[in-house]
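Have the structure open as you read.

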Amino acid sequence: MVLPKAEEEWGQRTSAFLKAEMKKADVTYADLAKRLKKHGLKDETEAGITMKLKRGSFTAIFFLACVAALELEQVVLEDTLAP
């Protein structure tokens, strides 16, 4: 599936945000999978999360569950993709 340019950029931003927050919290993909299970996303696996973040394509539900699992109080998507 080919996404419109704006959607692709938003996907890259949200993916970069989650990766950065995981790194700050010293949370691995396996750790995140365990945390997501506690938030009701029982089918998430390390491999699945890795692919979603690599593609930058996932649902808002997945994103919000990750925010909750990482115990974040706010989301700031910096304009890191601007030229």
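Q: Which glutamate does the side chain of lysine 52 meet in a salt bridge?
A: Some ground rules: this is a predicted model, where local features need pLDDT of at least 70, side-chain atom pairs count only at pLDDT 80 or more, and totals for chains, interfaces and linings use all residues. Residues are numbered from 1 along each chain as its sequence is written, and side-chain values use heavy atoms, with hydrogens and water left out. A salt bridge here is a side-chain nitrogen of Lys or Arg within 4 Å of a carboxyl oxygen of Asp or Glu. Lysine 52 has its N 2.6 Å from an O of its partner, glutamate 44.

Q: Is glutamate 44 buried or exposed?
A: Buried means under 20% relative accessible area and exposed over 50%, with partly exposed in between (1.4 Å probe, protein chains only). Glutamate 44 is found in the loop between H2 and H3, where helices (H or I, at least four residues) and strands (E, at least two) are DSSP runs numbered from the N terminus. With a relative accessible area of 11%, glutamate 44 is buried.

Q: Which residues does glutamate 44 touch, not counting those up to four places away in sequence?
A: Contact means heavy atoms within 4.5 Å. On that basis glutamate 44 touches Ala33, Leu36, Lys37, Ile49, Lys52 and Phe62.

Q: How far apart are the closest N and O atoms in the salt bridge of lysine 24 with glutamate 21?
A: The count comes to 2 salt bridges. Lysine 24 and glutamate 21 both lie in helix H1, 3 residues apart, about one turn of the helix. Lysine 24 is exposed at 65% relative accessible area, while glutamate 21 is buried at 15%. Their closest N and O atoms are apart by 3.0 Å.

Q: Why do residues three or four places apart in an α-helix point the same way?
A: It comes down to the geometry of the turn. Residues at that spacing line up because an α-helix has, per turn, 3.6 residues.

Q: Which residues touch the most other members of the largest nonpolar core?
A: A nonpolar core is a set of buried Ala, Val, Leu, Ile, Met, Phe, Trp, Tyr and Cys residues joined through side-chain atoms within 4.5 Å. The largest one has 17 residues, and its members with the most such contacts are Leu18, Leu32, Leu36, Ile49 and Phe62.

Q: Which element gives the largest share of this core?
A: H1, H2, H3 and H4 are the elements that give two or more residues to this core. The largest share is 6 residues, and it comes from H4.

Q: Which helices do the buried residues of H4 pack against?
A: H4 covers residues 60–69, and its buried residues are Phe62, Phe63, Ala65, Cys66, Val67 and Ala69. They pack against helix H1 (5–24), helix H2 (29–38) and helix H3 (46–55).

Q: What is the angle between the planes of phenylalanine 17 and phenylalanine 63?
A: Rings of Phe, Tyr and Trp (its six-membered ring) pair if their centres lie within 6.5 Å; planes under 30 degrees apart count as stacked, over 60 as edge-to-face and the rest as tilted. The count comes to 2 aromatic pairs. In this tilted pair the rings are 6.1 Å centre to centre, and the angle between the planes is 50°.

Q: How many residues apart in sequence are the parts that this pair ties together?
A: Phenylalanine 17 is buried at a relative accessible area of 9%, and phenylalanine 63 is buried at 12%. Phenylalanine 17 lies in helix H1 and phenylalanine 63 in helix H4, so the separation of the parts tied together, in residues, is 46.

Q: Which residues is arginine 35 in contact with, leaving aside its neighbours within four places in sequence?
A: Arginine 35 lies in helix H2 and counts as partly exposed at 31% relative accessibility. Its contacts are Val27, Ala69 and Leu70.

Q: What is the phi of aspartate 26 near?
A: Aspartate 26 lies in the loop between H1 and H2 and is exposed, with a relative accessible area of 66%. Its phi is positive, in a residue other than glycine, and is near 55°.
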